[in-house]
Amino acid sequence: MKVLVAVKRVIDYNVKPRVKMDGTGVDLANVKMSMNPFDEIAVEEAIRLKEKGAATEIVAVSIGPAKAQETLRTALAMGADRAILVQTDEEVEPLAVAKILAKIAAEEQPQLVILGKQAIDDDNNATGQMLAALLGWPQGTFASKVELSDSATVTREVDGGLETVKLNLPAVVTTDLRLNEPRYASLPNIMKAKSKPLATKSPGDYGVDVARRLETLKVVEPARRQAGIKVGSVDELVEKLKGMGIAK
Amino acid sequence: MSALVLVEHDGSTIKDATLATVTAAAKLGEVHALVAGSDAAAQAAAKIAGVAKVYSANGAGLEHQLAEAVAPVAAKLMESHDSFVAPATTTGKNIAPRVAALLDVMQVSDVLSVESADTFTRPIYAGNAIATVKSNDAKKVLTVRTTAFEKAAADGGSASVEQVDAGAGDGGSSFVGLEASESERPELTSAKVIVSGGRAFGSSEQFHSLLDPLADKLGAAVGASRAAVDAGYAPNDYQVGQTGKIVAPQVYVAIGISGAIQHLAGMKDSKTIIAINKDEEAPIFQVADIGLVGDLFKIVPELTEKL
């Protein structure tokens, strides 16, 4: 069976984002960009399914600028078989991403689509659920374990613990942090990835309008907390807690 | 104008997250509530101050609030509502985008404030930036950060309860089980005091043997950094941070937590932050109101004893 994996090029996890002085957004000029960490987990999960014999082909998809090719090459180097870049310089919202992915799913007919649960730039946590709705497929969000047979059994990280659901295939799964630990691509695999097929398309090829529904009016830094005081001993800390009425 | 709130419940009682969601929704119009899969919770929702009407939906999949079952019911009700408002909990985040896609609406996630009927603020980049966004969709779908809104009173309302057709559709998913975290302590997202531990605890045994007695003394909930959860010291639902729980208690005590931006994103709105760390350069001290530099293995037992 075929697995589709969606990946996004985002600011690197270790970079502290800086808000632009003019309040129009976050400054991404000359900032290190990487694959969204949750999407790395999605790619890794697809590869593990293939290694176990549960999946036969992995198609990685990214929607973004020309440079998102690098992100797709990373996915290919990790072990995806081929890639599709839907190239656009627009900032595409989850709803439009989901529409494009739904069209690709209709073409490719995967049994499973795996996505990160959220991108660490816009923090929406929406694309996977929207894709599942558009396709009319079941969804296993925030997955910490995925088992495939003729259905998918997905363990989900929820507020009260761990919930397990059974999904008919085809289905959409979104990854949480503890699903797996993504591998690093080896140098030979990075070289090999350069010759794997990568098709370039545009949103228009799928008939999807990527015009934004949410208009960003301004972006500001959050109110900063002032650093407070240091106390020198546990006794002083206890006094402070008593002062706050937290301790008796 | 009317707003439909997704009620989060455990089968009988309403979760606190719902109450904050009602407050946010009230800024958008008359508040109606959708309760999936529990008549008892529907009765409780009818008592929430400010709720004018409750829709109670029962049927396959709804008792476990599966997104595949709840979303079509909500989408149908949205024919007569202007906005859909869900708490940004794992339940709300699972269901709301599915509703949004069925309505062809772009969701506004994790709303911090309602500026007007179509304009909202929300955190992006792990809370390192706050965006003001205007939704150009005719209907709105929001998830709200529940710590950013006061809780509506759980009593005082007397809404009518209307049964709604749950539809027949099998959404292709079924509930298998819930491995619930058992705890006598308050829930993280509604606790007044939280003590939270990091990787510095070194093991699950030390995490619990040191933190649990302190939490008991303070009547606190126990949280953890991502590093501590990844290391297996604490279960997943203890995680506070960008991708875990967002908390804003009266007092947050961070012990052995260095203060990665992803962790700060989850707790920096706490009223008072207390940090205990052996590294005086740790970033956590930049946000802490009260800091104590030292070895947690000495400090925590001493603190527990002296409280």
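What share of the 307 residues of chain B counts as buried? The figure is 60%. Keep in mind while you look around that this is a predicted model.

**Chain B as a whole**

Let's start with the overall build of chain B. It holds nine helices and 16 strands. Its C-alpha trace spans about 60 × 40 × 40 Å along the principal axes. If you take the contacts in chain B between residues at least 6 apart in sequence, 66% of them join residues at least 24 apart.

Chain B is divided into two domains: domain 1 covers 2-164 and domain 2 covers 188-306. Taken over C-alpha atoms, their centres are 30 Å apart. Where they meet, eight residues of domain 1 of chain B are in contact with ten residues of domain 2 of chain B. The side that domain 1 of chain B brings to this meeting has two nonpolar, four polar and two charged residues.

Strand 1 (residues 2-6) of chain B runs parallel to strand 2 (residues 30-36) of chain B, and five bridges pair them. One of the pairs here is Val5(B) with Ala33(B) in strand 2 of chain B. To get from strand 1 to strand 2, chain B passes through helix 1 (residues 16-26), and this β-α-β crossover is right-handed.

The pattern continues with strand 3 (residues 51-57) of chain B, which pairs with strand 2 of chain B in the parallel sense over six bridges. Ala33(B) turns up again, with Val54(B) as its bridge partner in strand 3 of chain B. The path from strand 2 to strand 3 of chain B goes through helix 2 (residues 39-46), and this crossover is right-handed too. Strand 2 of chain B is mostly covered, with six of its seven residues buried.

How many of the eleven residues of helix 3 (residues 67-77) of chain B are buried? Nine of them are, so this helix is largely enclosed by the rest of the structure. Among the buried ones are Glu68(B), Val70(B), Pro72(B) and Val73(B).

**A glycine in a loop**

Gly157(B) is worth a stop. You'll find it in the loop between strand 9 (140-144) and strand 10 (160-164) of chain B. Is Gly157(B) buried or partly exposed? Being buried takes 20 or more other C-beta atoms within 10 Å. Gly157(B) has 19 within 10 Å, so it counts as partly exposed. Leaving out residues up to four places away in sequence, Gly157(B) touches Ala46(B), Lys47(B), Ile48(B), Ala49(B), Gly50(B) and Val51(B). Thr143(B), on the other hand, is 14 residues away in sequence from Gly157(B) and 23 Å away in space, C-alpha to C-alpha.

**Where the two chains meet**

Chain A and chain B touch through 65 residues of chain A and 70 residues of chain B. Several elements of chain A supply at least two residues each to its side, including helix 3 (94-108), strand 7 (139-148) and helix 6 (234-243). The largest share, eight residues, comes from strand 9 of chain A. By class, the side of chain A that touches chain B has 33 nonpolar, 14 polar and 18 charged residues.

An open sheet of four strands has the order 12(A)-8(B)-7(B)-6(B), with antiparallel pairing. Its edges are strand 12 of chain A and strand 6 (113-114) of chain B, each pairing on one side only. Within this sheet, Thr121(B) stands opposite Thr132(B) in strand 8 of chain B. Elsewhere, Lys230(A) has Gly291(B) of strand 16 of chain B as its bridge partner.

**Strand pairs side by side**

Here are some pairings from both chains.

| Strands | Sense | Bridges |
|---|---|---|
| 4 (57-64) and 5 (82-87) of chain A | parallel | six |
| 5 and 11 (198-201) of chain A | parallel | four |
| 7 (119-124) and 8 (129-135) of chain B | antiparallel | six |

In chain A, strand 4, helix 2 (residues 68-78) and strand 5 make a right-handed β-α-β unit. Ala60(A) has Ala83(A) as its bridge partner in strand 5 of chain A, while Val86(A) is partnered by Lys201(A) in strand 11 of chain A.

Conventions. Residues numbered from 1 in each chain as written. Chains lettered and ligands numbered in written order. Predicted model: local features only at pLDDT ≥ 70, side-chain atom pairs only at ≥ 80, totals over all residues. Contact = placed C-beta atoms within 7 Å. Nonpolar A, V, L, I, M, F, W, Y, C, P; charged D, E, K, R; others polar. Pairing = 2+ DSSP bridges. Buried ≥ 20, exposed ≤ 12 C-beta atoms within 10 Å, placed from the backbone. Right-handed = clockwise from strand over helix to strand, strands pointing away. Domains from an automatic or database assignment.
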